[in-house]
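Student: Could you take me through a close look at the side chains in this one, rings included? I'd like the cut-offs spelled out as we go.

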Amino acid sequence: MVQLQLANITLVLGAKRIFENLNWEIQRGQKIGLIGANGAGKSSLFKMIEGEHSPEMGGTITRARLITTGYLSQSPELDSSLTALDAALAGNPRVAEVHAELERVENSLGNPEVYGDERKLQRALEVQHKLIEEYNSFGGDSYPARVRDLLLGLGLAQSELTKPLSVLSGGQKKLVGLARLLLVRPDILLLDEPDNHLDLPGKIFLEKLIREYEGTVVLVSHDRYLLDASVTHIAELEDGKLTLFEGDYSSYITDKEMRLARQEELYQIQQRGLARMEMALKRYKVWVEFSDKFASRIHAMEARIARVDKIDKPNLDRKRMDLRLSGWRGSNKVLELAGISKSFGSKKIFSNINETIWHGERVGLIGANGAGKSVLLRMILGNETPDTGEIKIGPSISIGHYAQEHETLDFNQTVVDAVRYAGEMSESRATAFLLHYLFTYKQVSQKISELSGGERSRLQLALVVLSGANFLLLDEPTNNLDIASAEVLEQALEDFVGTVLVISHDRYFLDRTVERLLVIENGQLMEYQGGYSDYLEKKDK
């Protein structure tokens, strides 16, 4: 059954054409991953479905009767005075309505006008039965416990449930927004990067929720592992057009490569055919000067060329970020943690941990949110002091740091000035350098505060390159990158001469880049050889 149909959708925002005659049918029960480069229009498409944008004349959006949608934006708007738990509980107002109606009906059963009238009593009992059924479908009296479990499963800590939203991070607020949506249970869930800021247990929990959700789910995500684990279709938004592929992300990659190869083959065949027809047409136009009989052939050939349904030339070489990490050899022993312990008040983070990272290693650091990953990075950088133990950095080691929240950037600087000062170069050279990171001439003169998350990520990577460091500390480097840019980063890290320690919840990225994992568990560092999939396999045994 088609639940939602978009037909001939064109959207123009300002001077930019976002979509062009886009068509899409969303079927009941599909789990769709909506992918595309940053700026391709994924969020705009969701906003159009929700009525925040209107299509140009001629485009239509049709919903099946009684179909409801629920939209989770990248930054959900919530009442910041409510606690996380109360905001989630208020997400489905129908629960409170049903509970109030049930109380009213139950009170009416003690009214002589009702219990003394058989027909009125029968009607009241029927209404009570329906309300009880609906109330139980929400979880009944266990509804608050269900909401609490949902928030904890998504990754909020027990202590955060009773905190007002005003003191929670943007990522934590997003978890509350996601929980509210899941409790309302709309027919179609529209989720815009719901996995951002989730730790690994939270992502696994989200995958299960998507797979088992009774309705339809469309999610924007750059997490290729999540897309492989949870979706039945991939919808790719590229050049203002949408193409639907059946299967998970890995199937889509194979399918797309085959489609592009076939399209290129058909395009070349058609071009050769058109060239022959154009050549014949030229000959007829020359010969018609000597014989009028060629006039009819000219008209016939022009009509034949006009009737050809032109095949678009496939773009086999799309522009990508040109990221090249140079690095250099440096010390053999890059980092040594010797008996490190760290506590904050009564909360113990690390207890007597020991670890050595050697030249050329690619090491992943994972653990639940709050386990101490960022604390360890701050200690390595010298921004936090261990309670006991010593952190030793090799004598010829230069550290390059990528910060998850972009706090290493000066938001009041312009993009070009940030690069000029970091690379000690002229404005023209800095501008040319930034073009390699997909910035436009207009963007280089903007303040960093005006950039999107993805643009800030690319700028931060550019500054890491300019640092010339041979030991990279990367904290969630793929969080705001689109898939193409994440792949460029993976290749750059593979070619990098130096050493890498990376915090990441991107399991696909970890599988592609690291050779061993350090997992923070109960204040200790547990070591596992291989990438994330290897770790998961060993952990489940």
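Tutor: Let's start with Thr 243, which touches Ile 234, Ala 235, Glu 236 and Arg 259, leaving aside residues up to four places away in sequence; contact here means heavy atoms within 4.5 Å. This is a predicted model, so local features need pLDDT of at least 70 and side-chain atom pairs count only at pLDDT 80 or more, while totals for chains, interfaces and linings use all residues. Residues are numbered from 1 along each chain as its sequence is written, and side-chain values use heavy atoms, with hydrogens and water left out.

Thr 243 sits in strand S9 (residues 241-246); strands (E, at least two residues) and helices (H or I, at least four) are DSSP runs, numbered from the N terminus. With a relative accessible area of 29%, Thr 243 is partly exposed: buried means under 20%, exposed over 50%, and partly exposed is in between (1.4 Å probe, protein chains only). Lys 282 is 39 residues from Thr 243 in sequence and 38 Å from it in space, C-alpha to C-alpha.

Glu 361 is another one to click on. You'll find Glu 361 in the loop between strand S11 (347-358) and strand S12 (362-366), and it is buried, at 12% relative accessible area. Not counting residues up to four places away in sequence, Glu 361 touches Thr 356, Thr 499, Val 500, Glu 515 and Arg 516.

Now the rings. Those of Phe, Tyr and Trp (its six-membered ring) pair if their centres lie within 6.5 Å; planes under 30 degrees apart are stacked, over 60 edge-to-face, and the rest tilted. That rule gives eight aromatic pairs. Among them, Phe 46 and Tyr 71 have ring centres 6.0 Å apart and planes at 75°, so they count as edge-to-face. Phe 46 belongs to helix H1 (residues 42-49) and Tyr 71 to strand S5 (residues 69-72), so this pair ties together parts that are 25 residues apart in sequence. Both Phe 46 and Tyr 71 are buried.

Tyr 528 and Tyr 535 also pair edge-to-face, at 4.8 Å centre to centre with 75° between the planes. Tyr 528 is buried at 17% relative accessible area, and Tyr 535 is buried at 7%. Zoom out a bit and ring pairs link Tyr 225, Tyr 528, Tyr 532 and Tyr 535 into a cluster.
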